[in-house]
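Please keep the sequence and the structure in view while reading.

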Amino acid sequence: MADQNVPPRRPRDDRGWDGRQHPGDGYRDPDHAGTYRPAAGYGGSAGYPGATTARPAQGSQWVGPDGFGRQGFAPAPGAGLPNLDDDDEPGRRAGRRRALVALGGAAVVAGGAALAMTPQVRGLFREDPVAGDATGTVVTDGTAARPSGQQPSTVRTYTEQNESYMGSRAGAALRRNSPTSGRLFDGPAAAAAATPVTVKTVLAKDPVRHLASRATFGATPKVLADIKRLGIDGWLRWQLEPDKIAPTTAELKLAELPTLKLSPQQLRDQRDQLNERGAQPEKETIDATIARQIWSDRQLFEVMVDFWNDFLHVAADFDGGEVYRNSFDRDVIRRHALGSYPEMLIAANRHPALLLYLNQVDSRKDAVNENLARENLELYSVGVDGGYTEKDVRQAAMLQTGRGVADGKYVFHPERHYVGKVKILGFSHPNSSTDPKVADRVIDQYIAYLATHPSTARYVAQSLATRFVSDTPPKSLVDRLAKTYAANKGLIKPVLLTLFSSSEFWAAVGQKVRRPMEYLVATYRTLGVRPEASPGFQGDNRRTPYAQGLRQIQDKMRELGQYPMGKPTPDGYADVYVAWTSAGTMVDGWNEAGDLLGGWRKQFTYPAPEKLVARPPATAGAYLDELAKRLVHQKLSAKEKALVLGVAGVSATTKVDATFNGAVAAVARTILASPQHHLR
């Protein structure tokens with residue numbers, strides 16, 4: 001279950017960022033085929049036998065739907081083990097297994113890893129491998145919270161993440177102020193020109209500003225000028241070809257993060273040297289993401305990277321993230337962010353980061369861990385309303401056995417793989433081959449089937465519409481995006497072009513609120529903070545000023561409760577306003593804006609507040625208008641203007657100098673606390 005699948009933190013030694021060598025990277029070290037011993041220090045069971053027989057039992061142990069968080073998980077009374085055999089009377093075999101379990105013949109240990117049965121118990125089971133059939137009608141799995149054979153959405157024991165927030169009264173209020181329908185135009189510019197904005201909002205009804213706010217991490221004078229120069233269509237074409245956009249100075253400075261380009265193998269081999277330099281690979285991945293969000297010209301690409309990091313979420317701070325999370329970011333998310341989602345999902349399911357994060361490495365035919373199989377359905381493809389049942393989850397978990405990690409790389413272990421017929425949400429396959437390449441390819445076929453399923457098309461469409469349009473996106477738009485996704489077999493660019501060519505996008509001005517991370521990034525962007533150190537600032541012997549500054553931004557984001565790849569559970573961050581309504585977080589963000597205006601982080605360079613407006617007018621009212629246009633790209637309302645002038649203790653006609661008579665930093669900070677800066 002997404003909200004409970006928190007990968008376990010395992011004991012570390014004091015040797016730095018990689019406390020153990022990840023010898024097998026599967027939390028167990030393979031001694032030889034079919035025999036395993038638990039990894040040192042991993043939370044085990046006192047009664048765990050030191051070895052297993054080389055030939056696994058035909059029956060299966062399960063990690064239940066409660067995920068990793070329960071110590072000493074045991075099946076609900078009467079649940080027993082699933083019957084996956086087709087050559088004996090179901091009741092008799094299931095009853096025998098339940099009796100054996102009651103006698104203590106199986107153990108499921110802390111942290112969600114299912115361990116194999118003792119050799120003594122294995123001896124009571126059939127020794128000859130026989131192809132199973134996971135599609136039978138006898139179902140013995142399930143609990144009161146997650147009944148077998150029923151869709152989770154029907155049982156309604158939990159909901160999709162954004163939906164769980166939008167069921168509140170605040171969600172209902174937002175829904176009333178959102179566009180309800182629309183139409184598709186020939187292109188984005190045509191849609192922008194023909195779409196009136198009728199919703200209530202404090203934002204200027206300017207399509208250029210609207211596009212800059214939604215398709216970037218925050219409008220800047222340069223972004224607005226680029227859109228006006230290239231036109232809406234031309235700017236979007238430019239953004240949809242990120243490889244053709246030159247890197248900025250800040251992106252080139254990412255070479256100062258020593259681990260960023262290293263492979264998992266290099267990170268393993270160079271651990272001691274990197275420790276001496278104070279490098280933390282998983283944190284440097286986050287640092288680099290923050291830098292790109294603030295300073296990259298590939299803004300739409302970075303927005304989509306952030307979208308996928310929430311949709312296909314793997315936390316950076318998991319035990320293994322220090323070695324594998326950077327590669328996942330580079331080789332899965334960034335490689336496919338504007339490409340094919342089916343290819344992304346297939347690549348993710350072959351990547352050590354995801355296999356370790358959701359304990360797929362612990363899953364084999366006689367000890368099945370269902371976590372990745374469940375999240376592939378619930379979070380990464382069809383969604384909680386996608387039509388799958390608990391039985392589908394169990395069959396998918398059986399099919400996906402055999403995938404693991406060894407020596408830092410993806411491997412397929414045929415001796416761990418379940419062989420036998422499966423049927424999962426309409427995907428049916430005999431799964432009868434013992435050839436590892438064929439068996440592995442069947443899993444890819446299943447993942448591709450999920451990624452192109454009609455429910456996945458709708459789930460991706462709903463998520464994109466929520467990200468770019470409204471917390472309560474119109475059904476008309478979601479239907480249109482899902483149709484484009486299905487017609488293009490999961491290609492992302494056509495879906496984005498449909499979104500930007502839809503009137504619902506252009507009509508939704510002011511219908512999204514920045515999350516804490518987005519507020520902070522937008523503040524850096526609009527203030528024009530530069531990545532070079534302030535004059536006279538000296539770094540330490542371990543990290544450059546740029547690297548130090550990025551880490552400080554990350555630390556501040558952690559305080560605010562959101563940072564790239566930061567959610568510990570696999571559901572990613574919610575993308576609706578009511579999930580982030582915290583007065584304390586808002587005040588903390590405003591305080592950070594004040595620090596930036598004061599230029600306190602000397603690792604970067606800041607424009608002086610009195611120089612934000614090139615030629616300041618001589619009266620307070622006119623100066624405030626220009627400062628607001630510089631920071632939030634529009635004038636404030638008369639009421640808001642009076643409030644800000646009150647902060648400075650002046651009237652609109654008061655004569656002021658470039659420092660706003662000493663109050664320019666306070667005035668700028670107040671503007672950055674306005675709704676105009678909080679909305680995107």
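**Core packing, a helix pair and buried loop residues**

Not counting residues up to four places away in sequence, Phe468 touches Arg214, Ala215, Leu300, Val303, Met304, Leu496, Leu499, Phe500 and Phe505. The model is a predicted one. The points below are grouped by topic.

**Nonpolar cores**

- The largest nonpolar core contains 149 residues.
- Trp308, Tyr341 and Phe468 are the residues with the most contacts inside this core.
- Helix H13, which spans residues 299–311, supplies the largest share of this core, namely eight residues.
- There is also a second, separate core of five residues, among them Val197, Leu203, Val509 and Leu679.

**The pair of helices H27 and H28**

- Two packed helices are described by the distance between their axes and by the angle between those axes.
- The axes of helix H27 (residues 620–632) and helix H28 (residues 638–648) come within 11 Å and cross at roughly 110°.
- Because angles of 65 to 115 degrees count as roughly perpendicular, H27 is described as roughly perpendicular to H28.
- On the H27 side, the contact is made by Ala620, Gly621, Leu624 and Asp625; on the H28 side, Lys641, Val644 and Leu645 take part.

**Leu636, between the two helices**

- Leu636 is placed in the loop between H27 and H28.
- Leu636 counts as buried because its relative accessibility is 12%, and the cut-off for buried is under 20%.
- Leaving aside neighbours within four places in sequence, Leu636 is in contact with Ala628, Lys641, Val644, Ile671 and Gln676.
- The C-alpha atoms of Leu636 and Asp625 are separated by 7.1 Å, and these two residues are eleven residues apart along the chain.

**Ser674, in another loop**

- Ser674 is found in the loop between helix H29 (664–672) and helix H30 (675–678).
- With a relative accessible area of 9%, Ser674 is buried.
- A polar atom of the Ser674 side chain lies 2.6 Å from the backbone oxygen of Ile671.

**Helix H17, a mostly covered helix**

- Helix H17 covers residues 371–378, and eight of its eight residues are buried.
- The buried residues of H17 include Leu372, Ala373 and Leu377, together with Asn371, Arg374, Glu375, Asn376 and Glu378.

How values were computed
Residues numbered from 1 in each chain as written. Predicted model: local features only at pLDDT ≥ 70, side-chain atom pairs only at ≥ 80, totals over all residues. Heavy atoms only, no water. Core = buried A, V, L, I, M, F, W, Y, C linked by side-chain atoms within 4.5 Å. Buried < 20%, exposed > 50% of the residue type's maximum accessible area, 1.4 Å probe, protein only. Helix = DSSP H or I, 4+ residues; strand = E, 2+ residues; numbered from the N terminus. Contact = heavy atoms within 4.5 Å. Axes fitted to C-alpha atoms, helices over the stretch in contact; angles between N-to-C directions. Parallel < 35°, antiparallel > 145°, perpendicular 65-115°, else oblique. Polar contact = N/O pair within 3.5 Å; in protein donor to acceptor, adjacent residues only side chain to side chain.
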